[in-house]
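Dear colleague,

I am handing over the structure below, together with some notes on what was found in it. Please keep it open beside this message while you read.

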Amino acid sequence: PARVLERSTWEPGCPVAADDLAWLRVAFVGFDDARHTGELLVASAWADDLVGVFRTLYDARFPLEELRITRADELDVPPTGDGNGSGAFVCRAVTGGTSYSEHAYGRAIDLNPFQNPYRRGDVVVPELASAYLDRDRDARGMIRPDGVVVRAFAAIGWQWGGDYTALEDYQHFSST
């Protein structure tokens, strides 16, 4: 809906047409073990599969802190780690680059970025999450290589950023 696009990062010039995005509202389990409802913008072609992924995560009681659409005013916020929002579509370039991210096409999702940080060399995003680079740490909301989150996304053919060789992107799942 137009009202959803208006509060997202979508604008003319993004690499995906507005008509090629789908608005999903899905249930998730929070860190408080309660049921919550969140929302995502995703590529329409993946909408049904992603609803199934989030159903699997809900049934497994995998906790998420937030599940929401990124607003345009958040694009310039320093990546310190004050938030822990899981999300999908963001019209932006890849971290540290100039080409569009898979998020800009609605074909990527980041989950619990604080518990599952991104690292390339000395760069850690969110900056305050470096303790979670220790993947032997036992913390709720962390994505594990053999865990339910990786299996759920693999079942629809999506790859996990924790398997990348040039960097570590533990929060990231994408169709390519």
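**Tyr132 and the aromatic rings**

Tyr132 is buried, with a relative accessible area of 14%, where buried means under 20% relative accessible area, exposed over 50%, and partly exposed in between (1.4 Å probe, protein chains only). Please note that this is a predicted model, in which local features need pLDDT of at least 70 and side-chain atom pairs count only at pLDDT 80 or more, whereas totals for chains, interfaces and linings use all residues. Residues are numbered from 1 along each chain as its sequence is written, and side-chain values use heavy atoms, with hydrogens and water left out.

Rings of Phe, Tyr and Trp (its six-membered ring) pair if their centres lie within 6.5 Å, and planes under 30 degrees apart count as stacked, over 60 as edge-to-face and the rest as tilted. By this rule there are seven aromatic pairs. Phe114 and Tyr132 form one that is edge-to-face, with 5.4 Å centre to centre and 70° between the planes.

Arg137 lies over the face of Tyr132, at 4.1 Å from the ring centre, and Arg135 lies over the face of Tyr170, at 4.2 Å from the ring centre. A charge sits over a ring if NZ of Lys or CZ of Arg is within 6 Å of the ring centre and within 35 degrees of the ring normal. Tyr170 also belongs to an aromatic cluster with Trp46, Phe153, Trp158, Trp160 and Phe173.

**The cores**

A nonpolar core is a set of buried Ala, Val, Leu, Ile, Met, Phe, Trp, Tyr and Cys residues joined through side-chain atoms within 4.5 Å. The largest one has 29 residues, and those with the most contacts inside it are Phe54, Ile109, Leu111, Phe153 and Phe173. Its largest share, five residues, comes from H2.

**The strands**

Strand E1 (residues 21-29) and strand E2 (residues 35-43) run antiparallel and are joined by nine bridges, and two strands pair if DSSP finds at least two bridges between them. Five residues lie between these strands in the hairpin, where Asp33 takes a positive phi near 65°.

Another three strands form an open antiparallel sheet in the order E7-E6-E9. E7 and strand E9 (168-169) stand at its edges, each with a single partner strand, so one side of each is left without a neighbour in the sheet.

With best wishes

Conventions
Helices (H or I, at least four residues) and strands (E, at least two) are DSSP runs, numbered from the N terminus.
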